[in-house]
Amino acid sequence: MSYYKHHLFFCCNQRDGGRTCCNDKGATQLRDYCKSQVKKLGLAGQGQVRVNMAGCLDRCEEGPTVVVYPEGVWYRYASQQDIDEIVDSHLLNGRVVERLRI
Ligand code: FES
(Lines give C-alpha, C1' and ligand atoms only; values in the text may rest on other atoms or scores of the structure.)
Protein backbone atom coordinates (compact mmCIF):
# COMPACT_ATOMS: atom_id res chain seq x y z
CA MET A 1 0.00 0.00 0.00
CA SER A 2 1.37 3.40 -0.96
CA TYR A 3 1.87 6.00 1.73
CA TYR A 4 -0.06 8.41 -0.48
CA LYS A 5 -2.93 7.33 -2.68
CA HIS A 6 -1.78 9.82 -5.32
CA HIS A 7 1.62 11.49 -5.31
CA LEU A 8 2.06 14.30 -7.82
CA PHE A 9 5.38 15.66 -9.00
CA PHE A 10 5.25 18.96 -10.87
CA CYS A 11 8.36 19.86 -12.78
CA CYS A 12 9.12 23.44 -11.73
CA ASN A 13 12.52 23.63 -13.35
CA GLN A 14 13.71 27.08 -14.41
CA ARG A 15 16.25 27.17 -17.21
CA ASP A 16 17.80 30.34 -18.58
CA GLY A 17 18.31 30.43 -22.32
CA GLY A 18 18.41 27.51 -24.69
CA ARG A 19 16.05 24.62 -24.11
CA THR A 20 12.49 25.37 -23.01
CA CYS A 21 11.45 24.69 -19.42
CA CYS A 22 8.24 24.12 -17.48
CA ASN A 23 8.60 27.14 -15.25
CA ASP A 24 8.52 29.47 -18.26
CA LYS A 25 5.01 28.10 -18.87
CA GLY A 26 3.60 28.76 -15.42
CA ALA A 27 4.55 25.54 -13.62
CA THR A 28 5.21 27.00 -10.18
CA GLN A 29 2.01 29.05 -10.10
CA LEU A 30 -0.12 26.13 -11.28
CA ARG A 31 1.57 23.73 -8.89
CA ASP A 32 0.77 26.15 -6.05
CA TYR A 33 -2.81 26.32 -7.29
CA CYS A 34 -3.05 22.52 -7.36
CA LYS A 35 -1.66 22.27 -3.85
CA SER A 36 -4.14 24.82 -2.54
CA GLN A 37 -7.08 23.07 -4.23
CA VAL A 38 -6.05 19.69 -2.80
CA LYS A 39 -5.83 21.25 0.65
CA LYS A 40 -9.12 23.09 0.24
CA LEU A 41 -10.90 19.85 -0.69
CA GLY A 42 -9.46 18.05 2.34
CA LEU A 43 -7.48 15.65 0.17
CA ALA A 44 -4.00 16.36 1.54
CA GLY A 45 -2.16 13.94 3.79
CA GLN A 46 -1.26 10.34 4.44
CA GLY A 47 -3.40 7.89 2.53
CA GLN A 48 -4.60 10.69 0.30
CA VAL A 49 -2.79 13.18 -1.93
CA ARG A 50 0.63 14.84 -1.87
CA VAL A 51 1.68 17.56 -4.31
CA ASN A 52 5.43 18.08 -4.67
CA MET A 53 7.77 20.16 -6.79
CA ALA A 54 10.33 18.36 -8.89
CA GLY A 55 13.33 19.33 -10.90
CA CYS A 56 13.50 18.61 -14.62
CA LEU A 57 11.69 15.39 -15.54
CA ASP A 58 13.26 15.47 -19.02
CA ARG A 59 10.04 15.92 -20.96
CA CYS A 60 10.64 19.65 -21.30
CA GLU A 61 9.25 20.16 -24.80
CA GLU A 62 5.98 18.48 -23.78
CA GLY A 63 5.55 20.57 -20.65
CA PRO A 64 4.64 21.88 -18.31
CA THR A 65 4.58 18.35 -16.96
CA VAL A 66 3.19 16.63 -13.91
CA VAL A 67 3.37 12.92 -13.17
CA VAL A 68 0.96 11.10 -10.86
CA TYR A 69 2.18 8.04 -8.96
CA PRO A 70 1.65 5.20 -8.31
CA GLU A 71 -0.17 5.13 -11.64
CA GLY A 72 2.71 6.73 -13.55
CA VAL A 73 0.32 8.90 -15.55
CA TRP A 74 1.85 12.02 -17.14
CA TYR A 75 -0.05 15.20 -17.95
CA ARG A 76 0.56 18.45 -19.70
CA TYR A 77 -1.54 21.30 -18.32
CA ALA A 78 -1.95 24.94 -19.28
CA SER A 79 -4.51 26.52 -16.96
CA GLN A 80 -6.29 26.37 -13.63
CA GLN A 81 -9.15 24.66 -15.45
CA ASP A 82 -6.79 21.85 -16.47
CA ILE A 83 -5.66 21.47 -12.87
CA ASP A 84 -9.27 21.43 -11.69
CA GLU A 85 -10.01 18.65 -14.13
CA ILE A 86 -7.04 16.56 -12.99
CA VAL A 87 -8.07 17.02 -9.35
CA ASP A 88 -11.74 16.29 -9.94
CA SER A 89 -11.44 13.47 -12.45
CA HIS A 90 -8.20 11.70 -11.55
CA LEU A 91 -7.65 12.42 -7.86
CA LEU A 92 -11.25 12.40 -6.69
CA ASN A 93 -12.82 9.92 -9.10
CA GLY A 94 -9.95 7.77 -10.38
CA ARG A 95 -10.52 8.63 -14.04
CA VAL A 96 -7.46 9.57 -16.08
CA VAL A 97 -7.91 12.82 -18.04
CA GLU A 98 -7.11 11.50 -21.49
CA ARG A 99 -7.18 14.88 -23.22
CA LEU A 100 -4.26 16.11 -21.05
CA ARG A 101 -2.29 12.88 -21.02
CA ILE A 102 1.16 12.77 -22.59
S1 FES B 1 11.98 21.54 -17.59
FE2 FES B 1 10.17 20.41 -17.06
S3 FES B 1 10.52 18.42 -17.83
FE4 FES B 1 12.36 19.52 -18.18
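## Exercises on a predicted sheet-and-helix model

G45 counts as partly exposed because its relative accessibility is 26%, where buried means under 20% relative accessible area, exposed over 50% and partly exposed in between (1.4 Å probe, protein chains only). This is a predicted model, in which local features need pLDDT of at least 70, side-chain atom pairs count only at pLDDT 80 or more, and totals for chains, interfaces and linings use all residues. Residues are numbered from 1 along each chain as its sequence is written, and side-chain values use heavy atoms, with hydrogens and water left out.

**Exercise 1.** Determine the strand order of the sheet and identify which strands stand at its edges.

*Solution.* Helices (H or I, at least four residues) and strands (E, at least two) are DSSP runs numbered from the N terminus, and two strands pair if DSSP finds at least two bridges between them. On these terms, four strands form an open sheet with mixed pairing, in the order 2-1-3-4. Strand 2 (49-54) and strand 4 (73-76) each have a single partner strand, so one side of each is left without a neighbour in the sheet. Next, strand 1 (residues 6-11) runs parallel to strand 2, and six bridges join them; within this pair, H7 stands opposite R50 in strand 2.

**Exercise 2.** Describe how helix 2 packs on the sheet, and check its length.

*Solution.* Taking contact as heavy atoms within 4.5 Å, helix 2 (residues 80-93) touches strand 1, strand 2, strand 3 (65-69) and strand 4. Its direction makes about 160° with that of strand 1, where axes are lines fitted to C-alpha atoms, for helices over the stretch in contact, and angles run from 0 to 180 degrees between N-to-C directions. The buried residues of helix 2 are D82, I83, I86, V87, S89, H90 and L91, and what covers them includes helix 1 as well as strand 1, strand 2, strand 3 and strand 4. For the length, the expected span is 1.5 Å times one less than the number of residues; the 14 residues of helix 2 should therefore span 20 Å, which agrees with the 18 Å between its end C-alpha atoms.
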